[in-house]
Amino acid sequence: MSPQVIRITKPLELGEGPHWDSNSKALYFVDMYNSEIHKYLPESNLHTSAVVETINDKKPVTFIVPIEGAEDTFLIGYGGELATVEWNGVSNTTKNFKTLRVLEENYPAVRLNDGKVSPSGVIFAGSMGEKLKDGQFPPKSGNLFAYDPSTSTTKKLLSGLGIANGLTWSLDESIFYFIDSLSGQVKGYDYDSKNITLSNERVIFDFRDCHAFDAPHLIPDGMTIDISGHLWIAVHNGGQVYQINPKTKCIVSVIDFPSKPVTSVAFGGPSVEDLYVTSMHRDLSEEEKKEQSSAGCLFKVTGLGTKGIEGVGVNLAGLKK
């Protein structure tokens with residue numbers, strides 16, 4: 001059975017941060033610059049969304065992760081900070097917004113981007129400089145942070161990044177895979193989960209080698225991993241997702257999409273064997289929007305012959321007050 005790409009939702013401005021939650025059997029994701037969080041239930045095909053309500057100005061919401069043991073409560077990346085909100089999955093607004101930790105003091109010049117929770121519960125969040133007037137991105141404004149909720153401590157693991165994007169861990173958590181989109185490379189690091197440290201940086205895959213890179217347009221974006229240890233990477237403005245074997249550094253397969261600006265990927269569904277892919281239509285011309293009418297939609301890919309790893313929720317039970 002060959003893979004099938006299925007359009008799920010209406011177009012969003014900038015869909016990002018897909019996360020499958022097995023407890024609610026739902027996929028959560030965001031519409032970044034509209035400050036929206038979204039929920040999709042495959043079983044009923046129900047799609048709902050809410051605007052993150054705060055007392056401050058609206059900021060981009062960059063990722064969303066459910067908080068364990070706290071029903072209808074979520075961790076989000078919000079501007080330059082980590083925050084929590086409550087949402088019942090039905091209402092069109094959230095409530096009880098609370099800042100958990102400010103990571104980027106230089107917001108709005110620098111904002112959070114991709115974020116994910118490690119298998120052992122540490123919150124990783126990357127950042128990037130906002131686009132400049134000439135349409136380029138600052139090459140060295142971004143950082144990669146790790147926030148440990150069990151100790152309420154923050155570490156800056158990497159700095160001088162362009163666009164901190166895809167991040168995931170090997171199946172045994174010994175390797176951290178990371179994408180700085182402006183580098184065009186997937187890098188690997190030895191990861192010490194106890195001390196939350198990275199070492200032995202190396203290039204796992206270089207998109208320049210397969211002509212799938214043209215900064216700042218055609219770039220590797222969001223990333224996830226499957227049960228075989230293969231990496232799945234969205235190629236932004238390339239309209240493709242690459243399946244990469246990190247051990248052989250070879251392309252296993254390429255999936256094409258009707259929308260060029262795909263943004264991120266996550267496995268989900270009842271058996272975690274469907275690949276969900278977000279996309280965007282922000283920055284497209286009117287002509288491009290007509291040509292790519294599905295740009296901004298959430299897609300589901302079936303028939304891949306593999307399964308993914310469920311998203312890890314956030315445990316804030318041990319958070320120091």
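Biologist: Where is Lys300 found?
Modeller: Lys300 sits in strand E24. Strands (E, at least two residues) and helices (H or I, at least four) are DSSP runs, numbered from the N terminus. This is a predicted model, where local features need pLDDT of at least 70, side-chain atom pairs count only at pLDDT 80 or more, and totals for chains, interfaces and linings use all residues. Residues are numbered from 1 along each chain as its sequence is written, and side-chain values use heavy atoms, with hydrogens and water left out.

Biologist: Is Lys300 buried or exposed?
Modeller: Lys300 is buried, yet it has no salt bridge. Buried means under 20% relative accessible area, exposed over 50%, and partly exposed in between (1.4 Å probe, protein chains only). A salt bridge needs a side-chain nitrogen of Lys or Arg within 4 Å of a carboxyl oxygen of Asp or Glu.

Biologist: Which side chain of opposite charge is nearest to Lys300?
Modeller: Asp274, at 4.4 Å. For charges, Lys and Arg count as positive and Asp and Glu as negative, while His and the chain ends are not counted.

Biologist: And which residues does Lys300 touch?
Modeller: Leaving out residues up to four places away in sequence, Lys300 touches Gln4, Val5, Ile6, Ile8, Asp274, Leu275 and Tyr276. Contact means heavy atoms within 4.5 Å.

Biologist: OK, salt bridges. How many does a search of the whole structure find?
Modeller: Eight. One of them joins the side chains of Arg282 and Glu13, at 2.7 Å from N to O. Arg282 lies in the loop between strand E23 (274-279) and helix H1 (286-291), and Glu13 in the loop between strand E1 (4-7) and strand E2 (15-21), so the pair ties together parts that are 269 residues apart in sequence.

Biologist: How accessible is Arg282?
Modeller: Arg282 counts as partly exposed because its relative accessibility is 28%.

Biologist: What does Lys59 meet in a salt bridge?
Modeller: The side chain of Glu81, at 3.5 Å from N to O. Lys59 is in the loop between strand E5 (46-51) and strand E6 (61-66), and Glu81 is in strand E8 (residues 81-86), so that pair ties together parts 22 residues apart in sequence. Lys59 and Glu81 are both buried.

Biologist: Which residue forms a salt bridge with Glu201?
Modeller: Lys187, with the closest N and O atoms 3.3 Å apart. Here the pair links strand E17 (residues 197-206), which holds Glu201, with strand E16 (residues 185-192), which holds Lys187, 14 residues apart. Glu201 is partly exposed because its relative accessible area is 46%.

Biologist: Switching to Gly313. Where is its place?
Modeller: Gly313 is in the segment after strand E24 (299-302). Gly313 counts as buried because its relative accessible area is 14%.

Biologist: What does Gly313 touch?
Modeller: His19, Val65, Pro66, Glu68 and Val117, again not counting residues up to four places away in sequence. Gly313 and Met280 are 33 residues apart in sequence, and their C-alpha atoms are 25 Å apart in space.

Biologist: Now zoom out. How many strands does the protein have?
Modeller: 24 strands, along with one helix. Of its 321 residues, 57% count as buried.
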